[in-house]
2 protein chains.
Amino acid sequence: MIEFIGSLAGILTTVSFFPQVLKTIKSKSAGDFSTAWIVMMTTGVFFWMIYGYYISSIPVFLANVVTLGCMSILTWIKFFGSKDDQSVSNQSDGVGNSERSN
Amino acid sequence: MIEFIGSLAGILTTVSFFPQVLKTIKSKSAGDFSTAWIVMMTTGVFFWMIYGYYISSIPVFLANVVTLGCMSILTWIKFFGSKDDQSVSNQSDGVGNSERSN
């Protein structure tokens, strides 16, 4: 039962990125994502993948290979591919709150 | 060294949510988050917390208690607290791409 809960947790937190990636690819909008979240999460998932490899845990390794793929897509859209939020997101990351421009 | 990599991964993927929560609280905008991501991620993190408890792993348990707190805030803002994207985000979740209204 306990291993089932762990597997369910791993599957949910990994698969959860699929609809997010689809939505972000479709909307080309990533302004609401914090740059720090994207960078730290992607780096952290990379280290989880390395950790999974060294402890020979296929679930940890595979789950994080998949999540790293998803995070890489979100990272790319955040930095290079978002249509309107690029300038705004930098402002709202740094200074105060800023209205969205169309 | 391997345990260090695992701890680093855990800390990064947990702490990464702090700047995201701060940004979302400040901007009150969660339209770019996929509803499915938020629901599945929050549920998955909840199960990771339960799993950590049952395997008596304090790092797994604590990391996911913290992440669950962060995800709960993002969930609340997505469903109840976001200022302008609520209607738009439902549209872009369901139908095609839609322009943001100011």
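**A buried residue and its surroundings**

Modeller: Asp32(B) is buried, at 1% relative accessible area; buried means under 20%, exposed over 50%, and partly exposed in between, for a 1.4 Å probe and protein chains only. This is a predicted model, in which local features need pLDDT of at least 70 and side-chain atom pairs pLDDT 80 or more, while totals for chains, interfaces and linings use all residues. Residues are numbered from 1 along each chain, chains are lettered from A and ligands numbered from 1 as written, and side-chain values use heavy atoms, without hydrogens or water.

Biologist: With which side chain does the side chain of Asp32(B) make a polar contact?

Modeller: A polar contact pairs N or O atoms within 3.5 Å; within protein, one must be able to donate a hydrogen and the other to accept it, and sequence neighbours count only if both atoms are side-chain atoms. Here the partner is the side chain of Ser29(A), at 2.7 Å. The Asp32(B) side chain also reaches the backbone nitrogen of Gly31(A) at 3.0 Å.

Biologist: How are the rings of Phe33(A) and Phe33(B) arranged?

Modeller: Rings of Phe, Tyr and Trp (its six-membered ring) pair if their centres lie within 6.5 Å; planes under 30 degrees apart are stacked, over 60 edge-to-face, and the rest tilted. By this rule there are 18 aromatic pairs over all chains. The centres of Phe33(A) and Phe33(B) are 5.4 Å apart and their planes lie at 50°, so this pair is tilted. Both residues, Phe33(A) and Phe33(B), are buried.

Biologist: Which residues form one aromatic cluster?

Modeller: Phe17, Phe33 and Trp37 of chain A, with Phe17, Phe33 and Trp37 of chain B, form one cluster.
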